[in-house]
Amino acid sequence: MQYASVLLFNAVVLTLDGNDAVASALALDGDRILAVGDRDGLAPLIGPDTECRDMGGAAVLPGFYDAHGHILMTAQGRGRVNLNSPPLGTCRTLGDILAAIRARAAETPEGEWVLACGLDDTLLTEKRFPSRWELD
């Protein structure tokens, strides 16, 4: 019988599987997941050397590996004008950029900022940022 080296319980285990299943316990052997479920269901994996950690309702997610990520920037970009070029957006030219900003400005109350994200001048046909005058 293989025992877990660590059992995390009293957790919100977000499995990120196809069914968006949520569990309350996770059994690990080193850096490998042995099983996901609830504490009672994983009890057979508790051995004499298993460290049992009460997570106090904390969220537990699978490990992510991303050598170059922009998670915070992506989260902050919600609600902003998407100025990304394909495949993340549709802006290929300065005209596309200015049209997207103009459309958002038209629906933004006067005096409020129009915020945008994702502009990469190297992916635009013109290979440059819009000028101050173009933005005005």
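These legends walk through several close-up views of one protein chain.

The model is predicted: local features need pLDDT of at least 70, side-chain atom pairs count only at pLDDT 80 or more, and totals for chains, interfaces and linings use all residues. Residues are numbered from 1 along each chain as its sequence is written, and side-chain values use heavy atoms, with hydrogens and water left out.

**Figure 1**
Let's begin with the overall picture. Helices (H or I, at least four residues) and strands (E, at least two) are DSSP runs, numbered from the N terminus. Read along the sequence, the pattern is β-β-β-β-β-α-β-β-α-β-α-β-α. The protein chain is more spread out than a compact globule, because its radius of gyration is 24 Å, well over the 14 Å that the globule rule gives for 136 residues. (The radius of gyration is taken over C-alpha atoms, and the globule rule is 2.2 Å times the number of residues to the power 0.38.) The C-alpha trace spans about 70 × 30 × 25 Å along its principal axes. Of the 136 residues, 24% are buried. Here, buried means under 20% relative accessible area, exposed means over 50%, and partly exposed lies in between, using a 1.4 Å probe and protein chains only.

**Figure 1. An open sheet of 4 strands, in the order β5-β4-β1-β6.**
Two strands pair if DSSP finds at least two bridges between them. The pairing in this sheet is mixed, and the edge strands, β5 (32–37) and β6 (46–54), each pair on one side only. From one strand to the next, the twist averages 25°; for such angles, axes are lines fitted to C-alpha atoms, for helices over the stretch in contact, and angles run from 0 to 180 degrees between N-to-C directions.

**Figure 2. Strand β1 and its two partners, β6 and β4.**
How many of the residues of β1 are buried? The count is 5 of 6, so β1 is mostly covered (buried is the class under 20% relative accessible area). With β6, strand β1 pairs in the parallel sense over 5 bridges, and Phe9 stands opposite Asp54 in β6. With β4, the strands run antiparallel and are joined by 3 bridges; look for Leu7 opposite Ala27 in β4.

Which residue in β5 is the bridge partner of Leu26? That partner is Val36. Val36 is partly exposed, with a relative accessible area of 39%. Val36 and Ala23 are 13 residues apart in sequence and 6.6 Å apart in space, C-alpha to C-alpha.

**Figure 3. An open sheet of 3 strands, in the order β3-β2-β7.**
The pairing here is mixed. At the edges are β3 and β7 (59–60), each pairing on one side only. Strands β2 and β3 pair in the antiparallel sense over 2 bridges, with Leu14 opposite Val22 in β3.

**Figure 4. The second largest pocket, with a volume of about 170 Å³.**
On a 1 Å grid over the protein atoms alone, a cavity is a set of points where a 1.4 Å probe fits but cannot get out, whereas a pocket is an open set with protein on both sides within 12 Å along at least five of seven lines; lining residues have an atom within 4 Å of a point. Grid points are joined across faces, edges and corners, and a volume is the space filled by probe spheres set on the points. The lining includes Leu14, Leu26, Asp31, Val36 and Gly63. Strands β2 (12–14), β4 and β5 each supply at least two of the lining residues. By class, the lining has 9 nonpolar, 2 polar and 1 charged residues. Ala, Val, Leu, Ile, Met, Phe, Trp, Tyr, Cys and Pro count as nonpolar, Asp, Glu, Lys and Arg as charged, and the others, Gly among them, as polar.

**Figure 5. Backbone details at Asn10, Leu16 and Pro87.**
Asn10 lies in the loop between β1 (4–9) and β2, and has a positive phi of about 55° although it is not a glycine. Asn10 counts as partly exposed, at 40% relative accessibility. Leu16, in the loop between β2 and β3 (22–23), has a positive phi of about 60°. Leu16 is partly exposed, with a relative accessible area of 49%. Finally, a cis peptide bond joins Pro86 and Pro87, with omega about 10°; Pro87 is found in the loop between β8 (81–82) and α3 (94–107).
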